[in-house]
Amino acid sequence: MRARATHDVSSLPTEVFGPANVTWWAALGGEVIEGFVLVLAVFAYFYLRYEAPDWPPLHTPLPSLRAPTINLALMALSIIPAWWAARSARAKNRWATFAGLTLHAILGTAILVMRYFECYALNVRWDTNAYGSVTWAILFSHGYMALFDIFDTAGLAILCLFLQPEERHYVDVTENSFFWYFVVATWVPLFLIVFLSPR
Amino acid sequence: MATTIGTDPLTLPPAIHDEDRKTLHETWEPERGFKGWVRAVNHKTVGKRYIVTALVFLLLGGLEAAALRMQLARPDNTLLGPDRYNQVFSMHGTTMMFLFAVPIMTAIGIYLVPLMIGTRNVAYPRLNALGYWTFLLGGVFLYTFFAMNSGPDAGWTSYTPLTGPQFANGKRIDVWAQLVTFTEIAALIAALEMVMTVLKMRAPGMTFRRLPLFVWAQFITAAMVMFAMPAVATGSIMLGADRLLATHFFNHAEGGDALLYQHLFWFFGHPEVYIIFLPALGMVSQIVGTFSRRPVFGYPVMVAALLTTGFIGFGLWVHHMFATSVHMLSQSFFTAASTMIAIPTGVQIFCWIATLWLGRPVWKTPLLFVAGFVVVFMIGGLSGVMLASVPFDAQAHDTYFVVAHLHYVLLGGALFPLFGAFYYWYPKVVGRLMSERLGKWHFWLLLIGVNVTFFPQHLLGLEGMTRRIYTYSEAMGWGPLNLVSTVGAVIIVAGMAMFAVNLLWSVRHGEDAGANPWGADTLEWLTTSPPPPYNFVDTPVVTSRDGLWAYDGEVPVVTGLHTDRPEVLVTSMMDTRPVYRHEMPEPTYAPLVMAVVIAGMLAAGIFTPWGVVVGTFAIVIPFYIWAWPDRGQHARNLREEKQRRAEPEMAS
Amino acid sequence: MRLRHHATIALLLWASSCVGYDHQSALDPAGPQAGSVHGLWYLMLGISAGVYVVVVAALLLVIRRRQAHPLEPDETRSRDREARAKRVVVIAGAVTVGVLFVVLLADLAVARGLTRLATSPALTIRVTGHQWWWDVEYEDSIPQRRVRLANEIHLPVGQPVLVKLQSHDVIHSFWVPNLAGKRDLIPGHHTETWIRADRPGVYRSQCAEFCGLQHAKMALYVVAEPRDQFDAWIARQRTPAVTPNDTLAIRGKGVLESGSCALCHTVTSTLARGLVGPNLTHVGSRLSLAAGTLPNTPGYLAGWIADPQTIKPGAQMPPNSLTPEDLRALVAYLSTLR
Amino acid sequence: MSVRFMAISALPVALSLAGCKQENRDFREMPPAATPTEAIRVGELQPGGGPPFDSTVTKYADNAYAIGTGQRLYNQMNCVGCHFHGGGGIGPALMDEQWIYGSDPAQIFKTIVEGRPNGMPSFRNKLDNQQVWQLVAYVRSLSGLGGSTVSSAREDHMYLSPDLAIRSPEKPTRSAPRP
């Protein structure tokens, strides 16, 4: 058989932003998987709640709201540097991107620290009863996801600091922010379920 | 200027010179030695390893099965005591489901799908390698503990509370739960890989309407994995937490529920069957098409059937729990769904028979295995329809009837197609054909062995022999049928020995295959056997669903990819328009290092929660190594980006 | 194929002739539920066999067709044949749907029928699963009339009996294949099933959900007997344990009360009040020992008491190093507890 | 090559020897010394050999099945009735560091077999030696003595503590001195 050139792709770009990029799809795939893990955790929550005569169980106080509310606000706030980092990355502005990432990483770390206090705000230990177990599990699975995004953010910030980012790194920055929006967005229903719905 | 695609001489357009070909070769050539071995990220290298490793687990799982059959061959046998028997049957199930069946289907996909869609590698090669290493270390982890008398001993389902902290002493169940985490990481990685490769890396012209059925099957399977695996991971992590951290997910006294575990497990466990079965259906479709010398009849129906199976597969899980007192209404729903899932599979079987009837079948070993698939699988499928019935399930559930059913389904529905696939694609992977003679011996011994082993078990089940019993008394009258079953197992072993000999012998002594020994239509047959590291000299353009059969002496190709770096073409999702050129990563240690850290974290995690905490932060190190750019490549990319930015300005 | 065929026929013949002492088969129904499932099974078997034969025959027909010249693409595609194939596949698909619908309707009809059959029970039995034996209690509004025994159920023939199920430790499953389908015993859940035996007999039941080391040796006998025999049996069970009158048995009672037995077992009207193991008040009247593992004879009983861990490794009964005389006395005493 | 291969294959063997001990399940064995209580060391002087129970003690202390069975016996023999789930109530707590009659396995063995004043009954002739050793292993594991990798995290019962939700369900004190 003979080969006949029909498509010349030499003029195509080597990197693109957004859904055309395979990395974007990796982030989306990660979101689907992580999102489904959270859905299952919520399923377990309502399954146990449906079986329980009291929710929270007898002698277990309601969760406190101060730390969770502060953290919700922090999360809402953290969207701004994430968005700013992504915008600067699209404009290929190294230092603005770096600043956005650094702010994002700092806020993210603060959120994770607050997650520790949120666990306290549950007013129940994981090994007290099934209610405690499942609420801790929800907080942890979401926190774990956030932690890995913060690892990524910090890594990209370090990269921006020491190297001139390539185009693909700018693409990574936008996808990192894309994942963070997901982290924040999933927290809203989880917050409502864990902290408000027992009231 | 002449060069080749496959064995056929192919004249390349003037743009591609021999020089470029040489560069292409140098760029993609794998590194040599131990270093190259551990750093490999090529999908074919990883795929081959995956396949070989899964076959080793098949061997181990098979030996365990043989031990079980030996123990049950006669009443009151004392070959294996209850403690050992429980470990061995749990290891058998766990190995076959988690370490053989799912991984080998994935593995064949990893090897073949990029070839079949005309690209050079999978979408995320390093992640792919990480998946393999995690899977390997998971298997090593499980068998190390098994050797230490700490093999799981509560079945591959590991129901609580039998597996909870109170009733399961020691670390045996923790090992099981953690193995699930290992395989879940590997499977999710492979699934992500497969979905994104199929969505974004198909050759121009290979729209969804032209996608080979095997790729469709792999794609749908991977999508199913993304929803099924998290469920079992959730269940097994909760189980581990109950055991290690004293949580109460499954402790009814503190508000937990043992049935929650069963829901989570079977929400994964039932789709799992289809995760094994769908790729096998894809294999059957490719084999039937090729050996009927015509495209598979009813392509749109076939695709629809695969999709329907994928969807309904998630709506059946409760039929594993009928004996737990399920509400009447949901009983009816799950019965109906479980019955109706037979329709898409039935339709596919009809389409294959129609294809064979319309075409002119060539009865080579792969097609023989397809026939065996229909003959054996049908029995499992039909007994599956029976088990969908709540009243009948109440009798047959947890008896040898179910054991017979599941083995008919898995051996008939997955193993026969899998062996067909081995005979079919082996020449592509190795460059030599497997022996037809040994193949036929393998086929007949397996066909006879499977039926002799498992058919009597239907009767045993109805006569009251329950599952997972290590012995039975003579008065039960189960002895003779069990002996027959054990004889059948011996026949299976003989058949598998034929396969093993064939597999090894043909590596050196098999007949030379050439690029396309079967005259098949899909793209992998366009390139040499075995394929070069870059798969295709030029990315082919697809013009029809019939693939190679439609080319008519001339292959339209894509030009313009860099040959001095591992570059692949990314196309748009629906119309496969070329979008950009994506540079693939170079070989790297990062996946192996990351897998070792993950394995350390998981292994430590069964002893102390701090293992997981430390491990989580330790992952950062390989993660950053992974992401950090290579210095030379970095400089080059920056230079080129600068040039590109300068060019439009000059033009304007 | 032929080998399988012969084997199948031989096995079917063998199976139908197999009527031993240990009756544990779904193929030999003795109650309404097992009966209707038995009917459903033959319906489904018939339909399945028909479908199987047709599909495999079609496959074999195709196999017998002329083979192609290897490696030539098939150029003889005719529209006519394609259309015929399409018709056949569509019809086959429609038939499949139809057949499955029939099967589904039969399933649901049988399932509905079974729920309707449960009327007001003549008797309520509470069965508690333990690793690895069954605790059986006949409920009665008057506490003194309650009967407690282990690994054995007696029922009057022809009368529905409600079985309330619960588990003491892990999940077990209660299954008397000759009478009815199985139902799980799940800690924290109260499940129930009901059974009715339409002809007298001894039906064996075995735990059907894997429950650990001795899952294989956790059986229960269901004895269906005519009403008068049953009444006599239950009246006997309501009486306290007999007081021994020969010296050996008296000594045996002493062994039971002073040794380790009393810590776990109860024999009413003695000092043995343990609640860990099976109630032994009328152990002499039972069909089996160690949850259907051994026949109830003095020899097996002595062996079981002395060394249960060889017979049922992992069972919760410890070995007892009694002197031969004590053991003989204990067995003699237990044998009198009828 | 062959040396490396041997080294690799020796590893599982070594591991299995180590692992067997923890996960082994001896259903039918007679522990040494039928009446070990008589052989408790009371002074420095000992006729012949070393302390007789060392092998027995470690064998049970590091064995998951022994501790699990001990846990079961603890419930079945109604130890729970007085000692509760280790926290103590009518009888002394078993989770803390204080041992009235000593934390040595042989001493606990003696306590169970012979009973103690103020309510602890004697289990002589009620439990066989293996069972007592299993109980000893479990009781010691309650206060963190013996292998932590072989004892379980919790049981399937209620962890009642009405007034305080943030609390640990009877966490053993791991700081108890090793004998």
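Which residues have the most contacts inside the largest nonpolar core? The points below take this up after a word on the model.

1. Basis. This is a predicted model, in which local features need pLDDT of at least 70 and side-chain atom pairs count only at pLDDT 80 or more, while totals for chains, interfaces and linings use all residues. Residues are numbered from 1 along each chain as its sequence is written, and chains are lettered from A and ligands numbered from 1 in the order in which they are written.

2. The main core. B:Leu188, B:Ala191, B:Val225, B:Val376 and D:Val136 have the most contacts inside the largest nonpolar core, which has 401 residues. A nonpolar core here is a set of buried Ala, Val, Leu, Ile, Met, Phe, Trp, Tyr and Cys residues joined through C-beta atoms within 7 Å. A residue is buried if 20 or more other C-beta atoms, placed from the backbone, lie within 10 Å of its own, exposed if 12 or fewer, and partly exposed in between. Helix H7 (residues 213-244) of chain B gives the largest share of this core, 22 residues. Helices (H or I, at least four residues) and strands (E, at least two) are DSSP runs, numbered from the N terminus.

3. Leaving aside residues up to four places away in sequence, B:Leu188 touches A:Ile33, B:Val225, B:Met226 and B:Met229.

4. Chain contacts. Five pairs of chains are in contact, and chains B and C share the most contacts; two residues are in contact if their C-beta atoms, placed from the backbone, lie within 7 Å. Chain B puts 86 residues into this contact and chain C 82 residues. On the chain C side, helix H1 (2-17), helix H2 (32-64), helix H3 (79-117) and strand E7 (180-185) each supply at least two residues. H3(C) gives the largest share of that side, 18 residues. By type, the chain C side has 48 nonpolar, 19 polar and 15 charged residues. Ala, Val, Leu, Ile, Met, Phe, Trp, Tyr, Cys and Pro count as nonpolar, Asp, Glu, Lys and Arg as charged, and the others, Gly among them, as polar. Chains A and C do not touch, and their nearest C-alpha atoms are 11 Å apart.

5. Domains of chain C. An automatic or database domain assignment gives domain 1 (32-115), domain 2 (123-236) and domain 3 (247-335) in chain C. The C-alpha centres of domain 1 and domain 3 of chain C are 58 Å apart.

6. Strand E4 of chain C. Five of the five residues of strand E4 (residues 152-156) are buried. C:Glu152, C:His154 and C:Pro156 point one way from E4(C), and C:Ile153 and C:Leu155 the other way. E4(C) runs parallel to strand E10 (residues 219-225) of chain C, with five bridges joining them; strands pair if DSSP finds at least two bridges between them. C:Pro156 has C:Glu225 as its bridge partner in E10(C).

7. Chain D. Chain D has six helices and zero strands. Of its 179 residues, 36% are buried. Among contacts in chain D between residues at least 6 apart in sequence, 72% join residues at least 24 apart.

8. Helix H3 of chain D. H3(D) (residues 64-76) has 13 residues and reaches 18 Å from its first C-alpha to its last, close to the 18 Å expected at 1.5 Å a residue; the expected span is 1.5 Å times one less than the number of residues. Eleven of the 13 residues of H3(D) are buried, among them D:Tyr65, D:Arg72 and D:Tyr74. After H3(D) comes D:Asn78, with a positive phi near 60 degrees.
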